[in-house]
Amino acid sequence: MKKASALPAGIVFGKPVNLRHLPWLIIVILSVILAELPRTVFPRWVQKYPPGWRLPLADWISAFMHWLTVDAHLGPLTVSGFTRTLSFLLDLPLQLASMVLATGVLKGQGSEAVMLFPPVPWFALIIAVAALSWTLRGWRLAVGMTIGFLYLAVFGQWTSAMVTLASVLVAALLSAAGGLALGLLCVRSATFGRILSPLLDVAQTMPVFAYLLPMLILFGFGPVSAMIATVIYAIPPMVRVTVVAIQGVPDELRSLGSMTGCTRRQMTWRILLPTALPGLMVGVNQVIMLSLNVVIIASMIGAGGLGWDVLGALRRLDIGGGLEAGLAITVLAVMLDRFAQALVPDARRSDPSGSWSPQLVAGALALAGLLWIAAALWPAIAHYPDSARLSTGPFWNDLVSWINIHFHDPLDVIKTFMLLHVLMPVKRFMLALPWPWVVAVVTLAGLWMGGIRLALTVGLMCGFMAVVGLWQPAMITLYLCGVSVMIAMLLGVPLGVLATQRPWLMKSVEVFIDTLQTLPAFVYLIPIVMLFRVGDFTAMIGIVLYAIAPAIRYTAHGISQVPASLIEAGIMTGCTRGQILRRIRLPYALPDMLLGLNQTILLALSMLVITALVGTRDLGQVTYAALSKADVGQGVVAGLCVAFIGMISDRFIRQSIRQPGS
């Protein structure tokens, strides 16, 4: 590794070139040559991985799931009986939360159901939440929460939003508690942490569709399966945040606990967790956001709520209905985010307008309870009146129709240009590369960057895609993800740089980023499909919109962290503004920008699975097709391939951050 950096510089076209980059230049040239050679030059097994060599992993997984659900036993209980019992137990808090917030107490089912007791009326919940928000953070949070809940009621999204809120609250509590417990185990046992780390990587990068299949078979169709899939997806950040927060507790406090004779349990609950609480609440915040991101996908197996509304609108191409439901999820996400931030003790102390008042909270809860009883006596007041509801659906439908009528030709020109000159050439290049060459290049890159261990890891992950017979979908995934990430970085990095230099732009960018990160992924596709129809170009736009936020945020953070002394030194040496940017700001911010690139890739991969609904032919389509056919093995294997692509890029980027000069 170190020898490579010591190679002398050469002269190419009259310019000095560091010879350590020469091997990669040769590899790029050879890759282009191999892609352009006629297919008849290569043996057939090089062009396409032979079916006879494939590992029937998907069949093995499907057979194992069949055995697990039919023949396997846990003592006197079958596995199927155990999972159904667990499903019943997990469904209890879900039903309770749903009854309180959305459905009320019902007698009977379906159209014959009779409401015995209504859910919490919309105005009673607003009063309770506003009072609690006032005591936590002051009048600003109270007003914001009130406006948010009023939006849900006025625009007819209240019932669906409450179903979603009930699911998210239960899933977030389970994820936060499970993540906290696993994080504490990782802190206490380094071995357990090393074992758990790759499992967390897979859980974070594997598409949620891949979770849904085994959950559906084990726990049945319904909200419980969706909740378990949500917990699996949302728990990794909580684990990692817990580890970082606990390890960040000052040694002086640990020593104080030891000197006062604290047991391990007392040390954990009286010193470590209270001190690490602000950091832990960051993890809770991430859990809530991730739970909301899964809400639409989970609606495919019976989660209901706003996710089902968005999914139904997408199937009907109902722009207005889809955007209204999507904006309702965004409003809900913003409210939960602000409320979770207000729960952090430091946040309450830093805002003098908020002071904890048990009397105010108790009074508001008592008033809400009385209003709830009043709604039981007069059911008409429990729901927001239909005559007072508003809708923005016609506006959004008319807007997209107007754009289609007046801008169809320019939009079609842009789409055609991108397809002919960017997307299709890259796609043909990726599909033309022989699979042994790609595996060899990835392995060599791992050897050059991190040694034999990294080489074996990334080489085996890359070869796995060929061995299981999914090489072509993997290359299409790589092409579409690669082009989308490149465009997201080309747009996000300059925008992040400009935002740090203009405070007014930074505020606008933060609003833009928050909206992009809370808007459900499906919502992006509705207007894009109406404007550009289905295909790779539509998928690319959706991926760029969904994945651009980390590129902007991490770039802005890295640029803003450049020490003022470095800038002053550059000014004193006569550097222009452009030279300061190129030679000081960007090099210093490079590690943060690489982290942003890493997050952009992960978001792009997660969005790729959703873009399978608009006609792509990548691993996302394989996973989605497996879900529709209940093919557990194929879905899990395709999900693993997506996870491995994300893990390979993650390993390379993290290695680049550790050894920026390599």
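Colleague: Why is Arg654 called partly exposed?

Modeller: This is a predicted model. Arg654 has a relative accessible area of 37%. Buried means under 20% and exposed means over 50%. Arg654 falls in between, so partly exposed is the label.

Colleague: What makes Arg654 and Asp650 a salt bridge?

Modeller: Their closest N and O atoms are 2.8 Å apart. The cut-off is within 4 Å, so the pair counts. The two residues are four apart in helix α29 (residues 632–658), which means a separation of about one helical turn.

Colleague: Why does Asp650 count as buried?

Modeller: Asp650 has 10% relative accessibility. Buried means under 20%, so Asp650 qualifies.

Colleague: And what class does Arg651 get, and why?

Modeller: Partly exposed, because its relative accessibility is 21%. Arg651 also forms a salt bridge with Asp650, with the closest N and O atoms 3.1 Å apart.

Colleague: Why is α19 called roughly perpendicular to α25?

Modeller: The axes of α19 (residues 393–432) and α25 (residues 536–560) cross at roughly 90 degrees. The range for roughly perpendicular is 65 to 115, so the label holds. The contact residues divide into seven nonpolar, no polar and three charged.

Colleague: Which salt bridge does Lys427 form, and what does the pair tie together?

Modeller: Lys427 pairs with Asp536, the closest N and O atoms being 3.6 Å apart. Lys427 lies in helix α19 and Asp536 in helix α25, so the pair ties together parts 109 residues apart in sequence. Both Lys427 and Asp536 are buried.

Methods: Residues numbered from 1 in each chain as written. Predicted model: local features only at pLDDT ≥ 70, side-chain atom pairs only at ≥ 80, totals over all residues. Heavy atoms only, no water. Axes fitted to C-alpha atoms, helices over the stretch in contact; angles between N-to-C directions. Parallel < 35°, antiparallel > 145°, perpendicular 65-115°, else oblique. Nonpolar A, V, L, I, M, F, W, Y, C, P; charged D, E, K, R; others polar. Salt bridge = Lys/Arg side-chain N within 4 Å of Asp/Glu carboxyl O. Buried < 20%, exposed > 50% of the residue type's maximum accessible area, 1.4 Å probe, protein only.
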